[in-house]
Amino acid sequence: MKIVVCIKQVPDTKGGVQFNPDGTLNRAAMLTIMNPDDKAGLEAALRLKDEYGAEVTVLTMGLPKASDVLREAMAMGADKGILVTDRVLGGADTWATSQTIAGALRNIDYDLIITGRQAIDGDTAQVGPQISEHLGIPVISYAQAIKIEGDSVVVERQYDDRYHVVKAQMPCLITALAELNEPRYMTPGGIFEAVDAEITTWGRADLKDVDDSNLGLKGSPTKIARASDKVRKGAGQKVTLDAEEAAQYITDRLLEKHII
């Protein structure tokens, strides 16, 4: 079985975010981590590898430094890493990103594609399903458990206060929740091997069946009107009152705001 896991290097929001003049994230200037949902998807693939002997390939689209997240994945146990990077791909929204990744995936043999449900820098949950649509394969989203039955995959799909059990024949795409599992740590031996491992790098010329009009910032129908980091809140109004006066004060403010 061959599994491809799509992972993303995302800003570590604890360190703050920075923006380019066009409103896109300045990824080159920020600390980065592997997207949590993607890491859960990677762990799911590695567990399938442990159980069935699957081959796991990790693929990411990003700046050249995104190779770091591929090496992290390989240090965890992935077999191969593919970086898709090209200046013309920069500034892509979900539509252009999914077109790019689908174009790369058309070069690869796979039985199962796993992506995270969503990335913490965009929170759209659109790229995984869009990839499946471009490739013409089934998608099962919000996976909280995965198992293989012959040439099919069976998934517990989270849904409100319950879950659905969904079965699909492979090839298939699954989007994983961060709650799917507890990702393993990199091993010392894995780290040494990953440092020296060869990363396959693809550019625009390596994407199959993708039109230039669907790539990068120019191929993105979503436009950013305005972007900013966290809004700073004021100190608020401070009063010193006894318990009875404080209770009345709060009640009056809630009534004034039509909250009660």
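Predicted model: local features only at pLDDT ≥ 70, side-chain atom pairs only at ≥ 80, totals over all residues.

1. Let me start with how H1 and H2 meet. Their axes come within 11 Å and cross at roughly 35°, and the crossing is right-handed. The residues in this contact divide into four nonpolar, no polar and two charged. On the H1 side they are Lys39, Leu42 and Leu46, which meet Glu72, Ala73 and Met76 of H2.

2. How many of the ten residues of helix H2 (residues 67-76) are buried? Seven are, so H2 is largely enclosed by the rest of the structure. The buried set consists of Ser67, Val69, Leu70, Ala73, Met74, Ala75 and Met76. Two of these, Ala73 and Met76, also take part in the contact with H1. Just after H2 comes Gly77, with a positive phi of about 140°.

3. What do the buried residues of H2 pack against? Two of their partners are helices, H1 (36-52) and H5 (188-196). The others are strands: S2 (9-11), S3 (32-34), S4 (55-61) and S5 (80-84).

4. Next, the sheet. Nine strands make an open sheet with mixed pairing, in the order S9-S8-S7-S10-S6-S1-S4-S5-S11. S9 and S11 (200-202) are the edge strands, each pairing on one side only. From one strand to the next, the twist averages 30°. As background, strands of a sheet pair through backbone hydrogen bonds, either parallel or antiparallel.

5. Strand S1 (residues 2-6) has four of its five residues buried, so S1 too is largely enclosed by the rest of the structure. With S4, S1 pairs in the parallel sense over five bridges, and Cys6 has Leu59 of S4 as its bridge partner. With S6 (residues 112-116), S1 also pairs in the parallel sense, over four bridges; here Ile3 is partnered by Leu112.

6. Further along, S4 and S5 run parallel and are joined by five bridges. Thr57 stands opposite Lys80 of S5. Both S4 and S5 are also among the elements that the buried residues of H2 pack against.

7. The other end of the strand order has antiparallel pairs. S7 (residues 139-149) and S8 (residues 152-159) pair in this sense over six bridges, with Arg157 of S8 as the bridge partner of Ala143. These two strands form a hairpin with two residues between them, and Gly150 in the turn has a positive phi of about 60°.

8. S8 also pairs with S9 (residues 162-169) in the antiparallel sense, over eight bridges. Within this pair, Val155 stands opposite Val166 of S9. The hairpin of S8 and S9 again has two residues between the strands, and Asp160 takes a positive phi near 50° in it.

9. Tyr142 is not a glycine, yet has a positive phi of about 55°. Tyr142 sits in strand S7, and counts as partly exposed because its relative accessibility is 29%, between the 20% and 50% cut-offs.

10. Is Asp160, the other such case here, buried or exposed? Asp160 is exposed, because its relative accessible area of 68% is over the 50% cut-off. Asp160 lies in the loop between S8 and S9, and its phi near 50° is a positive value in a residue other than glycine.

11. Which residues does a cis peptide bond join? They are Met170 and Pro171, with omega at about 10°. Pro171 lies in the loop between S9 and S10 (172-176).

12. Finally, a helix over the sheet. Helix H4 (residues 127-135) lies across S6, S7 and S10. The angle at which H4 runs to S10 is about 175°.

Notes:
Residues numbered from 1 in each chain as written. Heavy atoms only, no water. Buried < 20%, exposed > 50% of the residue type's maximum accessible area, 1.4 Å probe, protein only. Contact = heavy atoms within 4.5 Å. Pairing = 2+ DSSP bridges. Axes fitted to C-alpha atoms, helices over the stretch in contact; angles between N-to-C directions. Left-handed = near helix turned anticlockwise from the far one by under 90°. Nonpolar A, V, L, I, M, F, W, Y, C, P; charged D, E, K, R; others polar.
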